[in-house]
Amino acid sequence: MALSIEEQRLLSEIASRLSADDPRLADRLSTLGRTRQRRIRIIVTVVVAVLVMVAAILTALVVAMS
């Protein structure tokens, strides 16, 4: 559900006040979602790398046994 223009204006005003009142908190809140996305991306990359290594090892074992 999209926000109305008035709701967007109010959120912008709240964000501006927060930045002025407590810049450190505003900075932490602004990076919160990006940190989680970055963490998920790293986990997915590690899992894929492990799967590729397991596949390579299994392929080498099958070739060595035949």
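Helices here are DSSP runs of H or I with at least four residues, and strands are E runs of at least two, numbered from the N terminus.

This is a predicted model, where local features need pLDDT of at least 70, side-chain atom pairs count only at pLDDT 80 or more, and totals use all residues. Residues are numbered from 1 along each chain, and side-chain values use heavy atoms, without hydrogens and water.

## A kink

Helix α2 has a kink of about 40°, centred on leucine 32. The bend is the angle between axes fitted to the seven residues ending there and the seven starting there.

## Where the helices meet

The axes of α1 (residues 5–21) and α2 (residues 23–65) come within 5 Å and cross at roughly 125°. That makes α1 oblique to α2. Leu18, Ser19, Ala20 and Asp21 in α1 meet Pro23, Leu25, Ala26 and Leu29 in α2, with contact meaning heavy atoms within 4.5 Å.

## Overall form

The protein has 2 helices and 0 strands. Its C-alpha trace spans about 70 × 30 × 5 Å along its principal axes.

Note on methods
Axes are lines fitted to C-alpha atoms, for helices over the stretch in contact, and angles run from 0 to 180 degrees between N-to-C directions. Angles under 35 degrees count as roughly parallel, over 145 as roughly antiparallel, 65 to 115 as roughly perpendicular and the rest as oblique.
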